[in-house]
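Visitor: I would like to go through the strands and the helix of this model. Please show it first.

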Amino acid sequence: MARGWWSGLGGIALGALLLGCLLGGVGWQLGLLELAPWQGIVARGAQSLQDWGEGILKYRELAQRERQLREENARLRLERDYWKGQEAQVLRLRSLLKLKTELPGQPKICARVIARDPQRWYGRLSLDRGYLDGVRPEMVAVGPEGLVGLVREVGARASKVELLWGGDLQVPVKILPSQACGVLYVERRRQGLIKYISYEIPVEAGELVVTSGLGNIYPAGLPVGRVEGSRAGQDSMSQEVTVNLSSQFTTLQELLLLPKGPATADPALFKEAIERAEEASKRAKALWPKKAAGESQPKAAPLKAKPAPK
């Protein structure tokens, strides 16, 4: 009987244990259901932290790559500018060599610009050739684009050139193809004024202006510039023609010195260099602010025929 009693008690205990397990499992599941939203928040927060960390690492990689690309770009720009300079120098020297070979007169001396006068930066420069090299006063200085100036002072191993841009030279010139002759004065840098042109001669913008050879100093045919416009002269019998000078006075590095005297040069020898200079000038003007361009580059009056005086 005792054995039956213990067996009954064991069954009750086992049933109670099973019931407790069942009730505990249900409670645990209910607890998990209550914690589910918080688990999602925590999971999303952990994922955000992970993404943030990966983003920082990616940003650092991209920033380092950007610095490398910027450095590479700067290096390539320097190389490009260097080779552009070398190309310009080759073209310039090739033009001078061609001029030395084909222009008339002897001696013809190539000289390098070594200094500019601080007091007359746009009016005078110094060359590394003097009388021991054959340089003489009043030799004509020529660049790849045409007339540059006139030798004024000569030392043993150096000389000074008066630039056309400085405004102190008066040059006999003629306009092609009309052959109208006048005298060129430089009013301001890169712009000259031809006086004493008859009002009866039609002048068009873009026509080439060359030295006329009058006066036996400047050889005839050296390009000076191109016609920009015209205006009435001080008397009723003439017109004044504005001219854009062709030589690049701010970038002169080498010059060719020609003897003064009667001679005739072929303007076609300068055509290629003049076209390069004009194209470079157009690109430079395109970069100027419109307001500055309007203030610093006043337009000449439109070209038109002058009525005959009554």
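Visitor: Which residue stands opposite G192 in β11?
Guide: This is a predicted model. Strand β8 covers residues 191-198 and runs antiparallel to β11, with six bridges joining them. Within this pairing, the residue of β11 opposite G192 is V243.

Visitor: Which residue of β11 does G225 stand opposite?
Guide: Strand β10, residues 223-232, pairs with β11 in the antiparallel sense over seven bridges. A hairpin of five residues links β10 to β11. Opposite G225 stands L245.

Visitor: How many residues of strand β11 are buried?
Guide: Strand β11 spans residues 238-245 and is mostly covered. Buried here means under 20% relative accessible area. Of the eight residues in β11, the number buried is seven.

Visitor: Where on helix α2 do the buried residues lie, and which residues are exposed on the face turned away from them?
Guide: Helix α2, residues 271-287, reaches 25 Å from its first C-alpha to its last, close to the 24 Å expected. Its buried residues include A273, I274 and A277. Seen down the axis of α2, the buried residues fall within an arc of 95°, so they line one face of the helix. The face turned away from the buried side carries the exposed residues K271, K282, R283 and A286.

Terms used
Residues are numbered from 1 along each chain as its sequence is written. This is a predicted model: local features need pLDDT of at least 70, side-chain atom pairs count only at pLDDT 80 or more; totals for chains, interfaces and linings use all residues. Side-chain values use heavy atoms; hydrogens and water are left out. Helices (H or I, at least four residues) and strands (E, at least two) are DSSP runs, numbered from the N terminus. The expected span of a helix is 1.5 Å times one less than its number of residues. Buried means under 20% relative accessible area, exposed over 50%, partly exposed in between (1.4 Å probe, protein chains only). The arc is that of the directions from the helix axis to the C-beta atoms. Two strands pair if DSSP finds at least two bridges between them.
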